[in-house]
Amino acid sequence: MTIQRKQPEAMLFDLDGTLFQTETLLLPAYHATFDELRAKGLFTGETPPEERILGALGMLLEQIWQRVMPEASIEARNEADKLLLNYQMNGLHEGQGDLYEGVAETLQALHDRGIRLFVASNGLEDYVRNVIAAKGLGHLFEGLYSAGQYQTKSKVDLVQILLETHQIQSAWMVGDRSSDVEAGLRNHLTVAACDYAGFRESGELEGAHIRIRSFAELLEYL
């Protein structure tokens, strides 16, 4: 049975694994990045398994590269940062990358109900802005917040900045990783956990108030 909750003033959304099927853009860029790192002499050997980067989605970039290529130099990691972003931006311009089913329609329905919509992502500012723009969602969001723009060390801090800046009293945090659950709970928000991306590890969504298996399910809880 679905227990409905009072409509919040705002909803804050993670991007990767919540709104955006990251792997549809990320994996081609990931392989191209390592091809170029090898060509530049900054990396040798096989490309690390895709599972490493998919499992790191939602982390800060610094943590992602430590996980993906722990033996690599700082120079190689910095170059990987730049290359991956460039390849992803090129992919977006070529039409790569998909939203999850029902995302555009559900966001429009929430917007029509007067709920203020925001993105809160641990990603880079250019990446977040370009994904939202390329997928035609920009007009629905009041603000796009990224760790890259605000140099925050955790999503808890990023969400706190967002709430204070926009003087939001009641909100839901919607995301698919433990960082989203923590950011919501520590900022006293209702947490809606997205359990459809497949990137999470066991137990990551513990503590969430709501768990959805498709994005459109959000509407059933209002």
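A nonpolar core, as I use the term here, is a set of buried Ala, Val, Leu, Ile, Met, Phe, Trp, Tyr and Cys residues joined through side-chain atoms within 4.5 Å. I note at the outset that the model I am reading is predicted.

Entry on the cores. I looked up the largest nonpolar core and found that it has 58 residues, with Phe-13, Leu-19, Met-69, Leu-107, Phe-141 and Leu-218 making the most contacts inside it. I then followed Phe-141, which, leaving aside residues up to four places away in sequence, touches Phe-13, Leu-19, Leu-107, Leu-117, Phe-118, Val-119 and Ile-132. Another core, of 15 residues, lies apart from the largest one, and its members include Leu-158, Leu-162, Leu-163 and Ala-171.

Entry on the sheet. I traced an open sheet of 6 strands, with parallel pairing, in the order E5-E4-E1-E6-E7-E8. At its edges I found strand E5 (143–146) and strand E8 (210–212), each of which has a single partner strand, so one side of each is left without a neighbour in the sheet. From one strand to the next the twist averages 20°.

I checked strand E1 (residues 10–13) against strand E4 (residues 116–121) and recorded parallel pairing over 4 bridges, in which Phe-13 has Val-119 of E4 as its bridge partner. Helix H6 (residues 125–134) lies across E4 and E5 and runs at about 145° to E5. Helix H8 (residues 155–165) also packs on the sheet, where I found it touching E1, E4, E5 and strand E6 (171–175), its direction making about 150° with that of E4.

How values were computed:
Residues are numbered from 1 along each chain as its sequence is written. This is a predicted model: local features need pLDDT of at least 70, side-chain atom pairs count only at pLDDT 80 or more; totals for chains, interfaces and linings use all residues. Side-chain values use heavy atoms; hydrogens and water are left out. Two strands pair if DSSP finds at least two bridges between them. Helices (H or I, at least four residues) and strands (E, at least two) are DSSP runs, numbered from the N terminus. Axes are lines fitted to C-alpha atoms, for helices over the stretch in contact, and angles run from 0 to 180 degrees between N-to-C directions. Contact means heavy atoms within 4.5 Å. Buried means under 20% relative accessible area, exposed over 50%, partly exposed in between (1.4 Å probe, protein chains only).
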